[in-house]
Amino acid sequence: MKKYLNLFDFSQKVNYRTEILSGLTVALALVPEAIAFAFIAGLSPLTGLYAAFVMGLVTSILGGRPGMISGATGAVAVVIVSLAKQYGVEYVFATVVLAGILQMTAGLLRLGKLMRLVPHPVIFGFVNGLAVIIFMSQMSQFKTADGEWLTGSTLFIFLGLVLLTMVVIWGLPKLTKAIPASLAAILLVFGLVFFLGLDTRTIGDIASIEGTFPPFHIPDLPFTLETLQIIFPYAAIVAGVGLIESLLTLNIVDEITETRGRGNKEAVAQGTANILSGFFSGMGGCAMIGQSLINTSNGARARLSGIFAALMLLVFIMFGSSLIEKVPMAALTGLMIMVALGTFEWASLKTFRRMPKSDVLVMVLVTLVTIFLHNLALAVLVGVIISALVFAWDNAKRIRARKHIDDEGVKHYEIYGPLFFGSTTLFAEKFDVLNDPDEVVIDFAESRLVDMSAIEAVNKITERYNKVGKKLHLKHLSRDCRRLLANADDIIEVNVLEDPTYKVVVDK
């Protein structure tokens, strides 16, 4: 019978065995990634490992998405690499602390709701691009330290172990779920290499992970305005990239687990983790979609898995480095390739003919920006901007006017569709001012004045009718539209605003 524990959330059931085994698997997979990302940033391996420990522990305890894993990430590494090379690691630590403060501020201001503005094609493109990045990053494991491709028996052994890992991860869940398939695959490959004495690359061949508890360290740099001017641009980008990747990962995990995370709480947790990471000699980071998918695919749904993964990572650093350094890279490479295959939204390829061309364009563009620039924040921003422009263009074409003349000779224009900056030109073209009768009614029952451009458009049409001595009524303006016109009274003179016959409808 499964044992359950209410941990940090009395409404959440926790399966000890699943959470602990999954956490152990995640910890093993975190080691080479943290080292690789530290190298990308031009920092020491322990800087990445310390960041993975602090980020993973703090966000697992305080975060808004149980089961999501955070750590040192490539998205942050590519931002700080130039800072590290030009100014040194102390400036990196200060940048991470400042980025954390910005993230906490965003969470406290409840800006996590802005993720609602990210369209689904952007999420598809983001996920697909990230999957390609994860896959391509594993190709470096098939090369020697000199950058040459492996050949001969070395290649066949490494490739065979990678394929074995992938087969076990794919096939074991079909037989039993008693142990996470990824952990079983790592242990199997480790055993084969150890007992058969196979000559293949291990974690220790990349770098040593031996260290102590992360040392508390206040960044050693001058606290001046000049320093702030140097680190603030990097901190702002790190904060933005970290929040975007974390909140998108949160949404993806929400879909997988069919539960709902708390974006603002996660933003505060990410900020807290980055602040502590900077003070405890870490390079900072954010949520990791690959590790989060490993965790959720193993069945972990609670905070315990992330906490245990972080603690085991610290144990590896302080006490188990000699053993962990013997883990074959082939096992971890196979694991990450399976993560990449599982991350990619294959269903998105089937929708190419069904989705609007604009959505397909956005998805492909976000994917390409993610792959080639490795700038996830820029990729998402580009996708959101293009989606917004396409939406505005489509809605601009939807402004319509039904026209008729009643028994009293009054001409009615019944407007439907939103009136905003994109549709004002078409709106103005609907009216035949010179040939209209002496009295005209513009009915906004099925329309809304959205912005300043809409107010200006109404102002101009009233001026045109006034110049030719014709009377104009604005009918059925909703309360928010009337408020816009009233607020603009000091800026724009609305010449005619009267409705002697009809009462103004009120939004319910």
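Here is a quick tour of this protein chain, from its overall build down to a few residues worth a look. Keep in mind that you're looking at a predicted model. The chain has 508 residues, and 53% of them are buried. Its secondary structure comes to 20 helices and 6 strands.

**Overall layout**

- If you boxed up the C-alpha atoms along the principal axes, you'd need roughly 100 × 55 × 50 Å.

**A nonpolar patch on the surface**

- Nine names make up this one: Leu 341, Trp 346, Leu 349, Phe 352, Val 364, Leu 368, Phe 372, Leu 373 and Leu 378.
- Together these residues show about 850 Å² of accessible area.
- The top contributor is helix H16 (residues 357-373), which supplies 4 residues to the patch.
- Phe 352, one of the patch members, is found in the loop between helix H15 (347-350) and H16.
- Phe 352 counts as partly exposed because its relative accessibility is 36%, and that label covers values between 20% and 50%.

**A buried lysine**

- Look for Lys 470 in the loop that runs between helix H19 (452-467) and strand S6 (471-475).
- Lys 470 is buried, yet it has no salt bridge.
- Asp 438 is the nearest side chain of opposite charge, and it is 5.4 Å away from Lys 470; a salt bridge would have to fall within 4 Å.
- What Lys 470 does have is a backbone neighbour: a polar atom of its side chain lies 2.7 Å from the backbone oxygen of Val 433.

- As background, most residues other than glycine have a negative phi.
- You'll find Arg 110 in the loop between helix H4 (89-108) and helix H5 (120-138).
- Glu 258 also has a positive phi, near 55°.
- Glu 258 belongs to the loop between helix H9 (225-257) and helix H10 (263-279).
- Glu 258 counts as exposed because its relative accessibility is 73%, and the cut-off for that label is over 50%.

Methods
Residues numbered from 1 in each chain as written. Predicted model: local features only at pLDDT ≥ 70, side-chain atom pairs only at ≥ 80, totals over all residues. Heavy atoms only, no water. Patch = residues over 30% accessible without salt bridge, like charges linked within 9 Å, V, L, I, M, F, W, Y side chains within 5 Å. Areas by Shrake-Rupley, 256 points an atom, 1.4 Å probe, with all protein chains shown as cover. Helix = DSSP H or I, 4+ residues; strand = E, 2+ residues; numbered from the N terminus. Buried < 20%, exposed > 50% of the residue type's maximum accessible area, 1.4 Å probe, protein only. Lys, Arg positive; Asp, Glu negative; His and termini not counted. Polar contact = N/O pair within 3.5 Å; in protein donor to acceptor, adjacent residues only side chain to side chain.
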